[in-house]
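Thanks for coming, everyone. Let me put the model up on the screen, and then I'll walk you through it.

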Amino acid sequence: MLAFISSIFYLWILHLYFRTSFSKRDLHPVARITVWIGFYFMHSFILANIQPFLLTFILGCCLLIILCESISMASHQRIIFTCLIIYIFGMLAEICVSVFLQLIGFSGEGIASLGSVVSKLILLAAVHAITIFRQQQSQNEPSFFYWILLVVITLSSILAIYKE
């Protein structure tokens, strides 16, 4: 049951990340739901049963890229880069949480269940931080040209006042 909830939580985190990072592809809602359900089953049942770490990593990244290509509109390079970043960050979070839980003395089953939940919370916090950063940057910060212009005007005003 915890694995099911963790997988649904992971889908929700991916949905938030894709909504923040990309514009949506114009799909019928049934097609969008079908893509998400297909990703869920592939990720939960097929990817979870593959043992070699490298093969799991490669197939997981490919699966995430296919999902993103199916529901989002962006360049292929941007999709591949952002999918790799989120997948690598998620795996690093799981590894770090697992190592930390082993250091404080959790058992094998405790690490698997608690580690999954904690790593998903870390991933959710990272996606939330990215969302806040992008919103603040787009609303509060002037463009680079205007920022340089403000600095130059300020410095020239200081120099003009100082020379008088």
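The angle itself is about 175°, and the axes sit 10 Å apart. For the record, an axis here is a line fitted to C-alpha atoms, for helices over the stretch in contact, with angles running from 0 to 180 degrees between N-to-C directions. On the α2 side, the contact is made by Arg32, Val35, Trp36, Phe39, Met42 and His43, and on the α3 side by Leu63, Leu64, Leu67, Ser70 and Ile71. Contact means heavy atoms within 4.5 Å. Those contact residues split into 8 nonpolar, 2 polar and 1 charged. Nonpolar is Ala, Val, Leu, Ile, Met, Phe, Trp, Tyr, Cys and Pro, charged is Asp, Glu, Lys and Arg, and the others, Gly among them, go down as polar.

Now, some housekeeping. This is a predicted model, so local features need pLDDT of at least 70 and side-chain atom pairs count only at pLDDT 80 or more, while totals for chains, interfaces and linings use all residues. Residues are numbered from 1 along each chain as its sequence is written, and side-chain values use heavy atoms, with hydrogens and water left out.

Zooming out, what does the secondary structure come to? The chain has 6 helices and 2 strands, in the order α-β-α-α-β-α-α-α along the sequence. These are DSSP runs numbered from the N terminus: H or I with at least four residues for helices, E with at least two for strands. Of the contacts with a separation of 6 or more, 73% are between residues 24 or more positions apart. Buried residues make up 30% of the 164 in the chain, where buried means under 20% relative accessible area, exposed over 50%, and partly exposed in between, with a 1.4 Å probe and protein chains only.

Rolling a probe the size of a water molecule over the atoms shows where empty space is left. The largest pocket comes out at about 1000 Å³. Of its 31 lining residues, the closest to the centre are His43, Ala48, Glu94, Ser116 and Lys120. A pocket is an open set of points on a 1 Å grid over the protein atoms alone, where a 1.4 Å probe fits, with protein on both sides within 12 Å along at least five of seven lines; lining residues have an atom within 4 Å of a point. Volume is the space filled by probe spheres set on those points, joined across faces, edges and corners. Which helix gives the most to the lining? That's α5, with 9 residues. By type, the lining divides into 16 nonpolar, 12 polar and 3 charged.

Let's stay with Lys120, which is in α5. Lys120 is buried, at 9% relative accessible area. Skipping residues up to four places away in sequence, Lys120 touches Ser6, Phe9, Tyr10, Ile13 and Glu94. Lys120 and Ile13 are 107 residues apart along the chain, yet their C-alpha atoms are separated by 8.0 Å.

Phe9, over in α1, is partly exposed at 22%. Its C-alpha is 7.3 Å from that of Lys120, across 111 residues of chain. Beyond four places in sequence, Phe9 is in contact with Lys120, Leu121 and Leu124.
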